[in-house]
Amino acid sequence: MLRLEKTKEDLHDILSLDGEVDASNSVILDEAIQDLVQNGSRSILIDGRNLEYISSAGLGVFMSYLEEFQEKDITLKISGLSPKVVEVFRILGLDKLIPIYPDKTEALAK
Amino acid sequence: MIKLPKFHIGRLTLLLSLLVWLALLFVDLVRIFGMINSLESGISSEITWILEILFFICVYFFYTNSLEKNKQKNFLEMVWRGASTGIFASGIALVIELFYFSLGESKLGADPFLKNFFYHINFALTTIFLISTALLWKTLILYQKTKQVVKQWQAFEFALLVAMFFVFFNKNNLDYSFIFGLVILLIISAVLAGNLKWIPYLNFKEKWKSLLFLFLILVSTAFLFTRFLAYSDAEIYQVNLTDNLFLISLFGFIFLYGLFSFLVTLFNLPTSSVFEQKLTETINFQRLSQSIKPEENEEQVLDILMDSCMSASYADGAWLDVHEGGKNTPIQLRFLDDKDRESLAKIMEIPIEEWEKSTSVNLLQPLNLRLDHMKYQSALVVPLVVNNQKIGQILLVKEVRDGFNKEMIGIITTFSRQASIAVENHRLLNQAIRNERYQEELKIAQRVQKSLLPTRLDHPDTFEICAYSNAADEVGGDYYDTFAISEEKYVLIMGDVSGKGTSAAFHMAQMKGIFQSLIQLDLSPAQFMIQANSALSRCLSKNHFITASIFLINTQSKQICHSRAGHVPTLFYKAEEKKSDFLMQDGLGLGILRNRQYENHVQEKTMEYGEGDILVMFTDGIVEAKNQKGQQFGFERIRSLVELHPDKSPKEIQNILIDTLHDFVGGNGMIDDDYSLMVVKFHPHHLSK
């Protein structure tokens, strides 16, 4: 089960994830990010406060945008992840490529 | 009419009947001889009566037996059998009559012996006709019998039996007791004559034929009866055989049932087409529901459907529109040419569009239209809905206005629903067959993939090794291998493609190819990862990545050099310290950064190893396996299990880990990801031996 919510704060598009991201629903996440890119978003913040689990397919979604974001100069940040989910990002090494912040305010401040 | 019986009972009864009849004839002839010569023959009437009863019984059994054998005959043949016997008996009687008429007043014409002989022939043939026809009637009466009818028939048979012996009681007088018995038997006959359930099953043509046959039976019965009456007035017959309650009752019974059948058949004639129609509909319905065999195509189902709808509605023309790719393709044109169809389709286009929009697909009722067309005045459009989708529509047209009544629409709706179900079943069945084929293909893929994993792991005596891998689906994305570079240098590698299933399996095969070729270059672990990343970046699809772990073991220097590319950290148990750690150094997964920047994201680390040290490599399928409560197996369970059993062999440790994992997930729990495990235990002192 994954619920997505899109909000806007200043110039940042905030995508809140609630539930689990796995192979069955990673497409939804992919479509949501693609939507934001097409609407000309410059800064995307993934709010992962309620994200319980992310599988490798879910990580694959973030990974697939790294190059495109770098080219188009779009910033991607993640905030509020539980320690367990942060660990998943850390093991894969994605924390080195996507800035991960403890909470949203801190993420937006930087 | 007399058929040669095949079985002994038939032959026996036939022979007996013949003998009894001859005896009867003989007795009467003797009696006449005595009378002419004024001698008392001394033969009492009772003997004749007994012989007569015997004759009845023999004929009864002969025909019961004969009918038993021809049970499967249809109604018409049975009625014909009765009629033919009747004609035969009447014919003979008529010939005898004519014979006497031609003889006139001659001496021969007055000969009592000859007269008696012919009398007996008439008696025998009439008896045969009566008994055989009565038995035919019995079969017809007991068609679709109820318990009550069977009881009535049994009562009738019993009464007839009593009537046979009645002659002993009333000595052949037409007294009140005779009339009383006759009335009772006639009443039962009339009650039985109400059982005419066989008639509706005749079709129109058969009804006409049966009317003719019944008429013949009635005429024969009436004619033979008048003959009997004539005999009873004649004085020359010493012992009257024909004024018998049994025979007279049979006359009544046969005539009554024949008359009832005749009249009911006659009145059934006009409605027989309706009954036939209903029967055809039932058969069509059956054909539709059976037409789901995989080798038959949908065309055949639709063909039956069209036939059924046409015959149910008496339509003058019809066709079927099949929706395909947003377009209507007309097929199954019936009694219409393309020009007519096109003009009709044009007229109906707008009403059909409105009708389709009016409600949801599943609630669509047939559309009954009045047409403004030079030839056709009314039309009926019936939707074909399969799986919540309109796959087409049947269009029926008639030359009369308001040609489709409620009953027709009802039955056509049922037909189209049944056909839709048949089409749906047909599609599901084919899909199931296709799926089965895919399953077969997957099994082949499974075998191929299993062969990609090593069956034998390269290792020297100085360390023991074992490995295990299991895919969540038929095929998976996990990979492990070992490689001996030289006598003292060994490489262990484990990889995991993101995701699972077929796509992961293809990438796994690519990974194996790349790893196998890079291993031979004798690269340092970090260089290996950099090269692997570069190669994989070119072939992995956009959102896939691979995590890998590599160990370069030098058995001479007792060192291991390790690099990690996003893979779950390996557990390294140090026997000396009785402690273990996860080797968590930085390292980005392969295929995430598909450029030279990757070089900055991978590290390598060299460690010493000693006697009894253990390495446990695994994939995230084990760490992330969940139990019923949604908890993950996690890293710590692996660590504590290894620390609990450091003295066990790699194989034992592997089994403990996998068993514990399965217990944790629960009996029927599924591990939703591929998982693999490789356990290495070092014994560096073996080398010195």
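User: What makes two residues count as being in contact here?

Analyst: Their C-beta atoms, placed from the backbone, have to lie within 7 Å. Keep in mind that we're looking at a predicted model. By that cut-off, the contact takes 15 residues from chain A and 20 residues from chain B.

User: Which helix gives the most to the side of chain A that touches chain B?

Analyst: That's H2(A), with nine residues. Helix H2 (56–72) and helix H3 (83–92) of chain A each supply at least two residues of that side. Sorted by class, the side of chain A that touches chain B has nine nonpolar, four polar and two charged residues.

User: What makes a residue of H2(A) "buried", and which ones are?

Analyst: A residue is buried if 20 or more other C-beta atoms lie within 10 Å of its own. The buried residues of H2(A) include A:Ser56, A:Leu59, A:Phe62 and A:Tyr65. Among the elements covering the buried residues are strand S3 (43–54) and helix H1 (26–38) of chain A, together with helix H15 (620–623) of chain B.

User: Why are S1 and S5 of chain A said to stand at the edges?

Analyst: Look at the strand order first: the open sheet runs S1-S2-S3-S4-S5 (chain A), with mixed pairing. Strand S1 (2–9) and strand S5 (100–101) each have a single partner strand, so one side of each is left without a neighbour in the sheet.

User: How do you know that S3(A) and S4(A) pair?

Analyst: Pairing takes at least two bridges. Five bridges join S3(A) to S4(A), so they pair, and they run parallel. One example is A:Leu45, whose bridge partner in S4(A) is A:Lys77.

User: What is in the largest nonpolar core?

Analyst: It has 98 residues, and B:Met529, B:Ala548 and B:Val680 are among those with the most contacts inside it. Helix H13 (residues 501–519) of chain B brings the largest share, eight residues. Leaving aside neighbours within four places in sequence, B:Val680 is in contact with residues including B:Phe463, B:Leu492 and B:Pro650. A second, separate core of 54 residues includes B:Phe55 and B:Leu247.

Methods: Residues numbered from 1 in each chain as written. Chains lettered and ligands numbered in written order. Predicted model: local features only at pLDDT ≥ 70, side-chain atom pairs only at ≥ 80, totals over all residues. Helix = DSSP H or I, 4+ residues; strand = E, 2+ residues; numbered from the N terminus. Nonpolar A, V, L, I, M, F, W, Y, C, P; charged D, E, K, R; others polar. Core = buried A, V, L, I, M, F, W, Y, C linked by C-beta atoms within 7 Å. Buried ≥ 20, exposed ≤ 12 C-beta atoms within 10 Å, placed from the backbone.
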